[in-house]
Amino acid sequence: MRLPIIGITMGDPTGIGPEIIVKALLMKEPFKVCRPIVFGDREVLSKTIEMLGLNATIEVIEKVPEEGYLPQKIFLFPLSQLRADSLHFGKPTRECGEAMVKYVEEAVKWVKNGKLDAITTCPINKQAINAAGYPFPGHTELLAHLVQASSVNMMFLGSRWKVVLVTTHLPLQEVSRWITSDRVLSTIRMTDEGLKKYFGVPHPKIAVLGLNPHSGEEGLLGKEEQMEITPAISMARSQGVIVEGPFPADSFFNLSEPFIFDAVISMYHDQGLIPIKMSNFKEAVNFTLGLPFIRTSVGHGTAYDIAGKGLADPTNLIHAILTASNLSKLVHNP
């Protein structure tokens, strides 16, 4: 069986994306499970290799190579010609924003045309892509737009929990108005379908968290549970989904007891990601439900505080690549 082809997008050229790509593709582990191709900028990657003093080579490609995938050899499909010497870490330009989107757009074209089996993305800068004319609050929303997906959800995969978010990149003051029964029900359904399709769970058991402290205390501390979340859970149950809740979020994530659910649905970004990142910061992987292809991503951001210092750890990217490869094998070779 031929190894899956995974497209890796470089992300923000002024963040740690180029560094973690170079470091990850020096190692044998990714090449044991896949054939990686990078979508990015040649000069930026070359300067990164030089800065780190690493023994790696870049081979520019125009199509998927048949062979030659080896550690220390980076197959690159170049999509930008940024002047690496003029870039400053942590200060992406408008041109950088355009480049970040180009990498993703091209990778999506390749996977839709069957040239790739999955995509793994490195972190982008949301302000830079907005400045370049792309009004999306993040990768997930950009990807949904590119494939015209009606609904997508972020699923974070940790060693202990799989957490799915009802809302993602929203100011906290706007979250409550986005918690509707339709949106919660859609998330429950997508989680149920995703667990069956991608993880081979025949009868998933799903937990749903409340929005308010103590899940609203029967309306005393908020009515979203009574008005929106509980009705969505009831509707999902009537459709055959095994789902329980809403559970108070502050006491739900307990490391001292066995975990009985296959996934947890969180109402907002930090509610779900704080426990995941506390327990699995280096290993937790972002997986997008609702796309017509497999997309994983690192669970961290551009890390400007360490960009350019040679300190970036490629562990999370390696996990994201391995996850994309394993999911691809399950889907294409059930």
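The structure is a predicted model, so to speak of local features a pLDDT of at least 70 is needed, side-chain atom pairs count only at pLDDT 80 or more, and totals for chains, interfaces and linings use all residues. Residues are numbered from 1 along each chain as its sequence is written, and side-chain values use heavy atoms, with hydrogens and water left out.

Pockets come first. A pocket here is an open set of points on a 1 Å grid over the protein atoms alone, where a 1.4 Å probe fits and protein lies on both sides within 12 Å along at least five of seven lines; lining residues have an atom within 4 Å of a point. Grid points are joined across faces, edges and corners, and the volume is the space filled by probe spheres set on them. The largest pocket comes out at about 470 Å³. Its lining holds 21 residues, with Val152, Val166, Thr168, Trp178 and Arg183 nearest the centre. Two or more lining residues each come from helix 6 (139–147), strand 6 (153–157) and helix 8 (181–199), and helix 8 gives the most, with 4. Helices (H or I, at least four residues) and strands (E, at least two) are DSSP runs, numbered from the N terminus. By type, this lining splits into 9 nonpolar, 9 polar and 3 charged residues; Ala, Val, Leu, Ile, Met, Phe, Trp, Tyr, Cys and Pro count as nonpolar, Asp, Glu, Lys and Arg as charged, and the others, Gly among them, as polar.

The second largest pocket has a volume of about 320 Å³. Of its 22 lining residues, Lys126, His169, Val298, His300 and Gly301 sit closest to the centre. Helix 5 (126–131), helix 6, strand 6, helix 10 (269–280) and strand 12 (294–298) each give two or more residues to this lining, which divides into 6 nonpolar, 13 polar and 3 charged.

Met27 turns up in the loop between helix 1 (17–24) and helix 2 (29–33). With 36% relative accessibility, Met27 counts as partly exposed, that is, between buried (under 20%) and exposed (over 50%), using a 1.4 Å probe and protein chains only. Leaving aside residues up to four places away in sequence, Met27 touches Pro71, Pro314 and Ile318 (contact: heavy atoms within 4.5 Å).

Finally, strand 8 (residues 205–209) runs parallel to strand 9 (residues 242–247), joined by 4 bridges; pairing takes at least two DSSP bridges. Ala207 stands opposite Glu244 in strand 9. Together with helix 9 (residues 224–238), these strands make a right-handed β-α-β unit: with the strands pointing away from the viewer, the path from the first strand over the helix to the second runs clockwise.
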